[in-house]
Amino acid sequence: MKVLIFKLKEVQAKYSVSGKDLASHLGVVPSVVSDWRSGKKSPSLQRLDEILEAVLTLGNQERLRIDPLSLTELVEWRPNKDIEAN
């Protein structure tokens, strides 16, 4: 079985988007973004679209031009090692 991994931390670093700016743009408190980054919580599918749009708006435009953001950078299907080990 696979699980969906949310890679917000990597995307924020790559495109120079701060957690505070992202939270403000999305209308959430910074702790929500922090929980997403740490994996404590996951955003809804609708939020994924909003996060992509926010990174496109807030991110380093030169970097985005050279290396466009894709959904596969933000999410990834990985094997669930806990389930496969059983």
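Biologist: Let's start with Phe6. Where does Phe6 lie?
Modeller: Phe6 lies in strand β1. One thing before we go on: this is a predicted model.

Biologist: Noted. Is Phe6 buried or exposed?
Modeller: Phe6 is buried. Its relative accessible area is 14%, and the cut-off for buried is under 20%.

Biologist: What does Phe6 touch, not counting residues up to four places away in sequence?
Modeller: Phe6 touches Trp36, Pro43, Leu48, Ile51, Leu74 and Val75.

Biologist: Let's zoom out. How many helices and strands are there in the protein?
Modeller: The protein has seven helices and two strands. Along the sequence, the pattern reads β-α-α-α-α-α-α-β-α.

Biologist: And what does the C-alpha trace span along its principal axes?
Modeller: About 45 × 30 × 20 Å.

Biologist: What share of the residues is buried?
Modeller: Buried residues make up 31% of the 86 residues.

Biologist: Now the core. Which residues touch the most other members of the largest nonpolar core?
Modeller: Phe6, Leu8, Ile51 and Leu74 do, in a core of 20 residues. Helices α1, α2, α3 and α4 each supply at least two residues of this core. The largest share comes from α4, with five residues.

Biologist: Take Ile51, then. What is Ile51 in contact with, leaving aside its neighbours within four places in sequence?
Modeller: Ile51 is in contact with Phe6, Leu8, Leu26, Trp36, Pro43 and Leu74.

Biologist: Leu8 came up there. Where is Leu8 found?
Modeller: Leu8 is found in helix α1. It is buried, with a relative accessible area of 0%.

Biologist: What does Leu8 contact, again leaving aside neighbours within four places in sequence?
Modeller: Leu8 is in contact with Leu22, Val33, Trp36, Arg37, Ile51 and Leu74.

Biologist: Back to helices. How do the axes of α1 and α3 cross?
Modeller: The axes come within 7 Å and cross at roughly 110 degrees. That makes α1 roughly perpendicular to α3. Here α1 covers residues 8-15 and α3 covers residues 30-38.

Biologist: Which residues meet there in α1 and α3?
Modeller: Leu8, Lys9 and Gln12 in α1 meet Val33, Trp36 and Arg37 in α3. The residues of this contact divide into three nonpolar, one polar and two charged.

Biologist: New topic. I was looking at Ile5. Where is Ile5 found?
Modeller: Ile5 is found in strand β1. It is partly exposed, with a relative accessible area of 24%.

Biologist: What does Ile5 contact, leaving aside neighbours within four places in sequence?
Modeller: Ile5 is in contact with Leu74, Val75, Glu76 and Arg78.

Biologist: And how far apart are the C-alpha atoms of Ile5 and Leu71?
Modeller: They are separated by 12 Å. Along the chain, Ile5 and Leu71 are 66 residues apart.

Biologist: Let me ask about the whole protein again. What share of the contacts with a separation of 6 or more comes from residues 24 or more positions apart?
Modeller: Such residues account for 72% of those contacts.

Biologist: Last one. I clicked on Ser16. What is its phi?
Modeller: Ser16 has a positive phi of about 55 degrees, although it is not a glycine. Most residues other than glycine have a negative phi.

Biologist: Where is Ser16 found?
Modeller: Ser16 is in the loop between α1 and α2.

Note on methods:
Residues numbered from 1 in each chain as written. Predicted model: local features only at pLDDT ≥ 70, side-chain atom pairs only at ≥ 80, totals over all residues. Heavy atoms only, no water. Axes fitted to C-alpha atoms, helices over the stretch in contact; angles between N-to-C directions. Helix = DSSP H or I, 4+ residues; strand = E, 2+ residues; numbered from the N terminus. Parallel < 35°, antiparallel > 145°, perpendicular 65-115°, else oblique. Contact = heavy atoms within 4.5 Å. Nonpolar A, V, L, I, M, F, W, Y, C, P; charged D, E, K, R; others polar. Core = buried A, V, L, I, M, F, W, Y, C linked by side-chain atoms within 4.5 Å. Buried < 20%, exposed > 50% of the residue type's maximum accessible area, 1.4 Å probe, protein only.
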